[in-house]
Amino acid sequence: GGKYKWGGGCVANGCVYAVPSDASRVLKVDCATGAVSLFGDLPRRRNKWQGGVLGGDGRIWCVPCDADAALVIDPASDACALVGSLPPGPDKYQGGYADHDGNVWCVPEDAKRVLKMNAVSCDHFVAAYLARLGLDAAPPPPTRATLDLLIEAQLERIPFENLDLLLPGSRRTPLAPLALRAKILTRRRGGHCLELNGLFSEFLTRLGFECKLLPCRVYAGPERGRGDAGFRHVPSHAAVVARVPGGDAYFVDVGLGEPPLAAVPFAPSGDAVETPEGMASRVVAVDDDWELQWRRGGAWAPRLRWAAAHGAWEHHGPSLAEFEAEAARYARQPMGRKFVCSKVTRHRKTTISNASLKVTAPRFGPGVVVDVVDLGSEEDVRRALEAHFGVPYAETAGLDVAAGAGEDWWSHL
């Protein structure tokens with residue numbers, strides 16, 4: 001009953017969820033299809049909740065007004081539940097916001113104190129990430145085998161992409177845990193290296209690995225907007241160093257575009273490691289640096305370079321926030337001037353850039369075949385992004401598919 005059925009709403013997974021005020025069910029609107037549905041069986045009283053906020057756990061936390069508990073909506077399952085217990089009384093809180101850690105703070109109306117809702121559940125974050133990777137919900141142990149499993153699942157299911165930088169208004173995602181969880185886990189998007197490796201590092205840490213970010217300089221040529229091939233002058237890329245508890249450290253990268261499909265020992269031994277897709281990689285010492293190389297055309301070629309000092313585990317690793325200035329510069333670089341979306345598996349590499357879909361299979365060894373399909377219109381590109389990469393159609397409205405046409409950027413993918 002009541003005439004004020006819903007009070008505010010929140011966007012998650014490409015849908016709008018309206019918060020029940022007088023209504024006894026949640027209203028869901030699918031922005032891509034326009035479908036409207038109702039779910040839940042909530043108390044039949046008025047003015048229950050006013051406003052909803054996306055928490056760091058990927059769920060929507062509804063602000064209690066007259067209700068004596070918070071309402072939590074899980075966009076992954078369209079389930080809802082009452083959480084906590086508050087003193088009875090009307091008009092307690094109206095609206096709220098999420099801080100950088102993902103906690104939800106409710107604004108007092110008649111209440112005497114601010115309400116903080118702990119929306120950063122470690123268990124829920126890990127479960128949401130495992131679900132995004134298509135893996136069992138039980139957290140795996142922090143072992144080398146687990147690390148390889150997670151890297152391969154990530155590269156298969158979460159694409160390397162820079163679409164935000166080519167959308168109207170350049171919607172660059174802040175390098176903050178809440179924003180990255182919302183983009184990659186809730187909205188089911190991919191990201192660039194700082195986003196992907198930043199969130200993956202947090203995920204590995206929650207599973208029990210010891211992790212730090214590794215600032216790297218990228219070896220670039222015309223495919224990345226550089227005339228003469230060479231290393232960039234400043235670190236513009238972040239990889240991950242992950243150590244098994246009480247064991248060895250490994251180089252991990254899920255944001256390079258075409259990184260190794262498994263962990264590579266983090267030591268400049270020069271020993272080659274062949275990962276499951278057939279890529280041969282090694283870490284070598286070069287002057288005062290360490291360098292990641294891969295074998296191409298029968299010879300070793302450089303990929304990334306970092307200061308040898310970062311090879312010491314005790315050396316301080318930068319926080320993700322320290323890369324914000326570099327992320328802001330992406331808009332002026334090829335990263336922000338021509339879109340790309342790419343993912344890799346053991347046997348296949350799939351890439352869309354401009355209006356072309358390119359599939360390489362197998363990726364290494366004899367008999368490599370590259371198929372290129374012209375997608376045509378912006379509409380066709382957006383549908384292909386959803387079909388091949390799971391990027392929600394509603395997320396790519398206004399994508400500039402012609403930007404950078406004719407340039408060699410991303411041709412290596």
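1. Let me start with Asp78, which in this predicted model has a relative accessibility of 23% and so counts as partly exposed. The cut-off for buried is under 20%. Asp78 sits in the loop between β7 (70–74) and β8 (79–83). Its backbone deserves a look as well: phi is positive, about 55°, although Asp78 is not a glycine.

2. Asn47 belongs to the loop between β4 (36–39) and β5 (49–54). At 17% relative accessibility, however, Asn47 counts as buried, whereas Asp78 counts as partly exposed.

3. While you are checking the backbone, please look at Pro362 too. The peptide bond that leads from Ala361 into Pro362 is cis, and its omega is near -10°. Pro362 lies in the loop that runs between β24 (356–361) and β25 (369–374).

4. Strands β9, β10 and β11 form an open sheet of 3 strands, in the order β9-β10-β11 and with antiparallel pairing. Which strands stand at the edges? They are β9 (93–98) and β11 (115–117); each has a single partner strand, so one side of each is left without a neighbour in the sheet. From one strand to the next, the twist averages 25°.

5. Within that sheet, the pairing of β10 (residues 104–108) with β11 is antiparallel and runs over 3 bridges.

6. On to the helices. The axes of α2 (residues 144–157) and α4 come within 12 Å of each other and cross at roughly 150°. This crossing is right-handed. On the α2 side, the contact is made by Leu147, Leu150, Ile151 and Gln154; α4 contributes Leu196, Phe200, Phe203, Leu204 and Leu207. By type, the residues of this contact divide into 8 nonpolar, 1 polar and no charged.

7. As general background, nonpolar side chains tend to be buried together in soluble globular proteins.

8. What does Leu385 touch, leaving aside its neighbours within four places in sequence? Its contacts are Leu163, Phe339, Cys341, Ile352, Gly390, Val391, Thr396 and Leu399.

9. Finally, a word on His192, which lies in the loop between α3 (177–186) and α4. Is His192 buried or exposed? With 4% relative accessibility, His192 counts as buried, because the cut-off for that class is under 20%. Beyond its neighbours within four places in sequence, His192 is in contact with Phe160, Glu161, Leu175, Tyr330 and Met335.

Conventions
Residues are numbered from 1 along each chain as its sequence is written. This is a predicted model: local features need pLDDT of at least 70, side-chain atom pairs count only at pLDDT 80 or more; totals for chains, interfaces and linings use all residues. Side-chain values use heavy atoms; hydrogens and water are left out. Contact means heavy atoms within 4.5 Å. Two strands pair if DSSP finds at least two bridges between them. Helices (H or I, at least four residues) and strands (E, at least two) are DSSP runs, numbered from the N terminus. Axes are lines fitted to C-alpha atoms, for helices over the stretch in contact, and angles run from 0 to 180 degrees between N-to-C directions. A crossing is left-handed if the near helix is turned anticlockwise from the far one by less than a right angle, and right-handed if clockwise. Ala, Val, Leu, Ile, Met, Phe, Trp, Tyr, Cys and Pro count as nonpolar, Asp, Glu, Lys and Arg as charged, and the others, Gly among them, as polar. Buried means under 20% relative accessible area, exposed over 50%, partly exposed in between (1.4 Å probe, protein chains only).
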